[in-house]
Amino acid sequence: MENQLLQAVQIVEKQIDAEIERLDNLDDDELEIIRKKRLEAMKNSQKQKIEWQQNGHGSYSELADEREFFDTCKKSQHVVCHFYRESTFRCKIADKHLEQLARQHIECKFVRINAEKVHFLVERLKIKMMPTIALIKDNKPIDYIVGFTDLGNTDDFDTEMLEWRIARSGIIEYNGDLINPPQNSKKKHIHTKTKTIIRGNDDNSDDDPNDW
C-alpha cells in the first residue's frame with residue numbers, strides 16, 4: 001500500500017513539474033494569449049452572474065399562477081420548483097432547505113408555487129403528493145423529488161442531502177460525489193410514508209407529463 005501511495009505521489013509530482021516547465025518555456029506572446037483567454041472567461045462569468053441576478057436567481061421566490069410558472073421556465077435554463085400545500089408541514093421543512101440552496105446556487109432559479117391554485121399544472125405533471133419538487137431543465141421537467149423518501153425518509157435531513165439529490169439531475173453545480181449521498185449529521189428519525197393528495201387528478205391520462 002505504501003509503495004502504491006509513493007508511486008501515485010511521484011506521478012503527480014512529475015505532472016506538476018512538466019506543467020511548470022511548459023509554462024516557463026512559454027514566450028511573451030503565448031503568455032499574453034493565455035492572459036486574454038482567462039480575462040475573457042472571467043468577464044463572461046461575471047456577465048452571466050449579473051444576468052442570473054436580474055432574472056431573480058439567488059433568492060427563493062413565490063409564483064402566483066401557471067402563467068408565471070411558464071414564464072419562469074422560459075427565462076431560466078435550470079429551475080427548481082416546489083409544489084406545496086399550506087396545510088402540509090413537510091412543505092415548510094422543504095422551504096427552509098430550498099431557501100438556503102437558492103442563496104448558494106445562483107446558477108439555478110428556485111421557486112415555490114401553491115399546488116391548490118394551479119390545478120391544470122398539477123394535473124398535467126401528475127403531481128399527487130406534497131411536497132413535490134420539480135427539476136426543470138431547458139423548459140422541460142426532467143425529474144421529481146416526491147416527499148422525503150429520496151432524502152433518507154426522515155424529516156431531519158441535512159440541506160446537503162437535498163443539494164446532492166438535486167445535483168444528480170444536473171440542475172445545479174456540485175463538486176462532491178454524485179454516486180454516494182452525504183452523511184446526515186442529524187439523528188435519524190424515520191417516519192411512515194404519508195401522502196397529501198391533490199384531488200381532481202386523472203390517473204388514466206395518457207398525456208406525457210414532460211409536455212407543457
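Read along the sequence, the protein follows the pattern α-α-β-α-β-α-β-α-β-β-α, with 6 helices and 5 strands. Helices (H or I, at least four residues) and strands (E, at least two) are DSSP runs, numbered from the N terminus. The model is predicted: local features need pLDDT of at least 70 and side-chain atom pairs count only at pLDDT 80 or more, while totals for chains, interfaces and linings use all residues. Residues are numbered from 1 along each chain as its sequence is written, and side-chain values use heavy atoms, with hydrogens and water left out.

**The whole chain**

Display the surface. The accessible surface of the protein comes to about 13,500 Å², and 48% of it belongs to carbon and sulfur atoms; such areas come from the Shrake-Rupley method with a 1.4 Å probe, and for residues only the protein chains shown count as cover. Of the 212 residues, 36% count as buried. Buried means under 20% relative accessible area, exposed over 50%, and partly exposed in between (1.4 Å probe, protein chains only). Among contacts (heavy atoms within 4.5 Å) with a separation of 6 or more, 73% are between residues 24 or more positions apart.

**Helix H6**

Select residues 159-167, which form helix H6; 8 of its 9 residues are buried. These are Thr-159, Met-161, Leu-162, Glu-163, Trp-164, Arg-165, Ile-166 and Ala-167.

**Arg-112 in strand S3**

Move to strand S3, residues 109-114, and select Arg-112. Arg-112 counts as buried because its relative accessibility is 16%. Its side chain is joined to that of Glu-62 by a polar contact of 2.5 Å. A polar contact is a pair of N or O atoms within 3.5 Å; within protein, one must be able to donate a hydrogen and the other to accept it, and residues adjacent in sequence count only if both atoms are side-chain atoms. Leaving aside residues up to four places away in sequence, Arg-112 touches Tyr-60, Ser-61, Glu-62, Leu-63, His-82, Tyr-84 and Asp-95.

**Glu-86 and the loops**

Glu-86 is the next selection, in the loop between S2 and H4. Glu-86 counts as partly exposed because its relative accessibility is 46%. Beyond residues up to four places away in sequence, Glu-86 touches Lys-92 and Asn-114. Draw a distance from Glu-86 to Met-130: the C-alpha atoms are separated by 9.9 Å, with the two residues 44 apart along the chain.

From Met-130, inspect the bond to Pro-131, a cis peptide bond with omega of about -5°. Pro-131 is found in the loop between helix H5 (119-124) and S4. Lys-126 is also placed in the loop between H5 and S4. Although Lys-126 is not a glycine, it has a positive phi of about 55°. At 30% relative accessibility, Lys-126 counts as partly exposed. Continue to Asn-139, in the loop between S4 and S5. Asn-139, also not a glycine, has a positive phi near 70°.
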